[in-house]
Structures are given as C-alpha cells and as structure tokens.
Amino acid sequence: MKAKLGMSPIAWWNDDLPELSDDVSLEECLRQSRGAGFTGMEQGRRFPSNPDEMLPILRAADVTLCGGWFSGTLVNEELAANKDRIAPMIELFKAVSAPCIVYGEVGRSIQGDRSKPLATKPRLSDDEMKAYARRVTEFGEWCADQGMPLSYHHHMAAVVETEPELDAFMRNSGEGIPLLLDAGHLAFAGGDVLRAIDNHHARINHVHVKDIRKSVVDGLDRSRQSFLDAVALGAFTVPGDGSLDFGAIVKRFADYGYEGWFVVEAEQDPRKAPPQKMAEIGHAELMRVMTAAGYTVETEGFPKG
C-alpha cells in the first residue's frame with residue numbers, strides 16, 4: 001500500500017489568529033516542510049491563486065499541492081452562491097493536479113469567533129441535518145462533474161462536530177461527498193477515531209493526522225472558552241508530540257486499504273512550537289507508524305515528467 005505525507009501551512013501562518021504566525025515566506029515554509037520529508041503542502045493564504053505563478057514555486061520546492069480549504073456556506077446559503085465562489089478554485093486545483101478541495105462548513109459556525117464559547121456551537125435538528133446533507137451531496141457531485149472532488153471536513157465549533165453529528169451527516173449524505181477524517185478534531189469533540197474509521201472508511205478520501213494534547217482539551221471550560229482559545233492554549237500538535245495513538249489509527253486505515261494523503265495539520269504558536277522542528281517530529285512519527293502498518297511512503301515531490 002502506498003501513502004503520501006503532506007502538511008498544512010497553518011503551522012506557519014494561522015488565518016484566524018494572525019498573532020500565531022511565523023514571519024516566513026511561502027518559499028521558506030515549503031523549504032522547511034520539504035526538508036522534514038513532506039512531499040505535499042495544502043494551500044494557505046500566502047499561495048498565489050494563479051497556476052502560472054504557483055507551479056514554478058511548487059516545482060522549485062519539489063512539492064505538490066495536496067489539498068486546500070474552501071469555506072462553504074451551504075447550511076445557510078444557496079448552491080449557486082457556493083458554486084460561484086468555488087469555481088476559480090476548481091480551475092486552479094485542476095491546473096496544479098491537486099487531489100481534492102477540502103470543504104469546511106463556516107455557515108453558522110463559531111470556529112473563527114473568539115468571543116463565542118465552545119458550548120454555544122450551532123446544532124441542527126434532524127430535519128435540518130437531512131436537508132443539509134442532501135445539499136452538500138449535490139454540491140459535491142457538481143464539483144466532481146467539474147473535475148475536482150471534494151472532501152468534507154467535520155470540524156470543532158461547526159454544525160458537524162461530534163461523532164453522532166458526523167454519523168448523521170454520513171447517513172443522510174451520499175457517495176457524491178467523500179469524507180476527510182480528522183483525528184484531532186474528532187478526538188477533541190469526544191469521538192472515537194477508530195470507530196469512525198470503521199463506520200465510514202468507504203467514503204474517506206483524505207486524512208488529517210492532527211494530534212491533541214489531552215490535558216489541554218480536558219482542562220477547557222467550554223462554557224467560557226472558545227475554539228480559538230483552545231488553539232492558542234496548545235490543544236493541537238503533530239503526531240508524536242500529543243496524546244493520540246497514531247500507530248493504531250494508521251493501522252486501522254491500512255486494514256481497510258486506504259491509500260492516499262495523510263496531512264499533518266497542527267496549528268500552534270510558532271514561538272512555542274517552531275514549525276520546522278514540529279514538522280520533523282511529525283514526519284518521524286508518521287514514518288515509524290506507517291512502516292509498521294505496511295505502508296510504502298512515496299518520496300517523489302513535484303512530478304519529474
């Protein structure tokens with residue numbers, strides 16, 4: 001079985017908390033990640049939006065674009081508005097041969113609002129979840145028809161956060177919307193990562209190997225503290241530096257024959273957790289557990305052909 005290892009630039013620049021950002025260029029970010037061994041990088045705010053500008057940067061760094069976040073609003077806006085906003089991203093991602101676009105629901109979400117405690121996250125009724133799941137499925141099918149699959153990202157402080165919410169979304173949505181399984185977000189929400197893989201492996205097309213510091217998560221006052229407060233306190237980290245058993249998690253993916261990207265997404269304060277050092281820790285741990293699980297990790301970055 002083959003796997004690819006990527007990173008998210010959120011370790012270097014945080015879009016929601018600019019104060020948790022390293023003052024490094026895109027080129028330096030890519031150099032550090034590639035130097036740690038990662039062959040892919042998800043899109044971040046310092047990436048150009050034109051393939052003629054992006055491709056030479058990726059080629060020079062010897063990395064590929066392995067995904068990128070789209071802020072979807074299908075829970076409270078029409079399909080047409082979301083299609084208009086994602087269309088340029090689809091064309092860009094096709095031009096640079098990215099594997100998928102990550103759909104993150106921001107409609108009604110409190111994930112970017114530091115004044116909103118975790119306990120005030122939006123919740124959908126059964127009927128609302130059914131309608132939402134059908135709408136996201138239709139959107140996913142349309143994006144795939146345009147030549148770019150989506151990957152649905154369950155997320156803290158959003159309408160699909162907990163394991164029961166994820167199960168309901170998956171039950172009411174269709175194959176037209178694949179799933180991004182994020183170990184850190186699910187564990188933060190109190191879910192069982194291995195059980196979620198068991199239940200939804202057939203739809204998983206992208207994986208975020210985000211770790212958590214359980215002591216930080218367990219110490220939160222969710223009636224007072226927000227998702228961004230948790231990030232600033234260090235709730236997330238890379239595999240090998242946190243509390244999750246990635247040996248068991250990666251083995252479970254291997255048991256189901258998952259092949260594709262495993263992306264380290266770990267937003268932290270770069271002054272407390274230097275991104276290059278954390279990238280090296282994360283890569284070393286993933287190589288250890290992937291070798292044990294029987295994966296061959298691909299080492300090619302930007303295609304040579």
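These are my notebook entries on a predicted model.

**Ground rules**

I work with a predicted model, where local features need pLDDT of at least 70, side-chain atom pairs count only at pLDDT 80 or more, and totals for chains, interfaces and linings use all residues. I number residues from 1 along each chain as its sequence is written, and side-chain values use heavy atoms, with hydrogens and water left out.

**Entry: the annotated span**

I looked up the UniProt record. An unreviewed entry there carries the annotation "domain: Xylose isomerase-like TIM barrel" for residues 32-277. UniProt positions are given in the numbering used here, feature names are shortened, and annotations may be inferred rather than shown by experiment. I then checked the span in the model. Its end C-alpha atoms lie 9 Å apart. Helices (H or I, at least four residues) and strands (E, at least two) are DSSP runs, numbered from the N terminus.

**Entry: His206**

I went to strand S8, residues 204-208, where His206 lies. Is His206 buried or exposed? His206 has a relative accessible area of 0%, so I log it as buried. Buried means under 20% relative accessible area, exposed over 50%, and partly exposed in between (1.4 Å probe, protein chains only).

Next I listed the contacts of His206, meaning heavy atoms within 4.5 Å. Leaving out residues up to four places away in sequence, His206 touches Glu42, Cys66, Cys100, Val102, Ser151, Leu179, Leu180, Leu181, Tyr258, Trp261 and Val263.

Two of the partners got a second look. The side chains of His206 and Glu42 make a polar contact at 3.0 Å. A polar contact is a pair of N or O atoms within 3.5 Å; within protein, one must be able to donate a hydrogen and the other to accept it, and residues adjacent in sequence count only if both atoms are side-chain atoms. The His206 side chain also reaches the backbone oxygen of Cys66, at 3.4 Å.

His206 and Glu175 are 14 Å apart in space and 31 residues apart in sequence.

**Entry: cysteines**

How many disulfides does the structure hold? I found zero. A disulfide is a pair of cysteine sulfur atoms within 2.5 Å. The sulfur of Cys29 has its closest cysteine sulfur in Cys66, 11 Å away, which is too far for a bond. Cys66 is in no disulfide either, and the nearest cysteine sulfur, that of Cys100, is 8.3 Å away. Cys29 is buried at 0% relative accessibility. Cys66 is buried too, with a relative accessible area of 0%.

**Entry: rings**

I paired rings of Phe, Tyr and Trp (its six-membered ring) if their centres lie within 6.5 Å; planes under 30 degrees apart count as stacked, over 60 as edge-to-face and the rest as tilted. The count comes to 15 aromatic pairs. For Tyr152 and Phe169, the ring centres are 4.1 Å apart and the planes at 20°, so the pair is stacked. This pair links distant parts of the chain, 17 residues apart: Tyr152 is in strand S6 (residues 150-153) and Phe169 in helix H5 (residues 163-172). Both residues are buried.

Phe253 and Tyr258 form a tilted pair, 5.4 Å centre to centre with 55° between the planes. Phe253 is buried at 3% relative accessibility, and Tyr258 is buried at 8%. Tyr258 is also among the residues His206 touches.

I also traced a cluster. Ring pairs link Phe70, Tyr103, Tyr132, Phe139, Trp142, Tyr152 and Phe169.

Lys210 lies over the face of Phe236, 4.2 Å from the ring centre. The rule is that NZ of Lys or CZ of Arg is within 6 Å of the ring centre and within 35 degrees of the ring normal.

**Entry: positive phi**

I noted two residues other than glycine. Arg108 has phi near 65°. Arg108 sits in the loop between strand S5 (101-105) and helix H4 (126-145), and is partly exposed at 38%. Ala157 has phi near 75°. Ala157 is in the loop between S6 and H5, and is buried at 0%.

**Entry: Thr137**

I ended in helix H4, at Thr137. Thr137 is buried, at 9% relative accessible area. Which residues does Thr137 touch, not counting residues up to four places away in sequence? I found Ser173, Gly174, Gly176 and Ile177. A polar atom of the Thr137 side chain lies 3.0 Å from the backbone nitrogen of Gly174.
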